[in-house]
Amino acid sequence: MTSRSAGYSTNEDVLLCGVYLDVSQDPIIGKQQSSQRFWSRVAEAYEIAKNEFWESRNPRSLQCRLQVIEKAIRKLNGCYQQVENLHPSGASEQDLLNQVKNLLMQDPSYKKGFKFDHVWSMMKDAEKFKDCSSRKNKSDNPTPDLPMVPSSNLSSFSIHLNEDIAIDYTSSDRPLGVKKAKLKKKLDESFSSALKCLHTDNEKLVESLANATAEREKGRLMKSRALDLKEFKEENKILLLDLNSISDPIARETFRQEKIRISEKIAQRQQPPLSSASNIYGQYLNDIAGSGSDLPEY
């Protein structure tokens, strides 16, 4: 009796997904092979590329692992469509993904969360891993385009989280049992509640972003006013400075030139049509004139 193989590491998952994409997208023989031959090629490529210290995996093990990854990514893709339909403006890509994962956890099968972040970016756009609501019963051909054995309960997430339960009965006239009907109703209610929470969280996020922008602008204006006030005080000190009290001729000339510069700057700011600026600096000059300064008129 063979022993059960150890679980897959993140590095093994990344390698498996990469090998699967390479083999399935082979433009020459990708579709012209049986499922058995396809997975034999995946296993061969995996064995060549893997680390020598990793456990060897047979085709069946690799196929089962990829089906687990496929189901989870299809589910998350379905959730992604649900959240995108809410049009959460202002939300970053990470905020959107967090809401998607919260929605996924409403499904009892994924209440512990999404476990395949390490392969999400490379597999989410692969055709086989997209939400399959529009691709159900695409073909009755027993040999699919991509030779993967169909896995059960990989239905779309596009309408209800509990579609995996309902799909077993869509081809039959027999109604749901009482227990399953109650479970379906409960999951429908949970899904509706989750969407309402996402909508509320989206509104709060937009409001929070608007408040943060307003606070940043307020802080910028306050900082600008503080710098203007500091500059005003420094220039006022220079304008009120008595040059005759400075014995060093070089320093005296430096301060004289600085007074001229400040006076010219104030005169420019007094010019119309900046009426508000004229009022401010008019008061500025009045304050200086009232202090008994020997400054020339300007």
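How many residues has helix H2, and what distance does helix H2 reach from its first C-alpha to its last?

View 1. Helix H2 spans residues 35–49, has 15 residues, and reaches 21 Å between its first and last C-alpha, close to the expected 21 Å at 1.5 Å a residue. Helices are DSSP runs (H or I, at least four residues) numbered from the N terminus, and the expected span is 1.5 Å times one less than the number of residues. Residues are numbered from 1 along each chain as its sequence is written. Local features need pLDDT of at least 70, side-chain atom pairs count only at pLDDT 80 or more, totals for chains, interfaces and linings use all residues, and side-chain values use heavy atoms, without hydrogens and water.

**View 2. The buried residues of H2.** Phe38, Trp39, Arg41, Val42, Ala43 and Tyr46 are buried (under 20% relative accessible area, 1.4 Å probe, protein chains only). Their cover includes helix H1 (10–24) and helix H3 (59–84).

**View 3. Helix H4.** Twelve residues, 93–104, form H4, which reaches 17 Å from first C-alpha to last, close to the expected 16 Å. Buried residues of H4 include Leu96, Leu97, Gln99 and Val100.

**View 4. Cys17 and Cys79.** Cys17 is buried at 0% relative accessibility; Cys79 is buried, also with a relative accessible area of 0%.

**View 5. Residues 133–174.** The protein chain averages a pLDDT of 75, and 69% of its residues score at least 70; pLDDT is the predictor's confidence in each residue, from 0 to 100. Over residues 133–174 the pLDDT is below 50, and beyond near neighbours in sequence the stretch has 85 contacts in the model (heavy atoms within 4.5 Å). Where pLDDT is low, predicted coordinates should not be read in detail.

Methods:
Buried means under 20% relative accessible area, exposed over 50%, partly exposed in between (1.4 Å probe, protein chains only). Helices (H or I, at least four residues) and strands (E, at least two) are DSSP runs, numbered from the N terminus.
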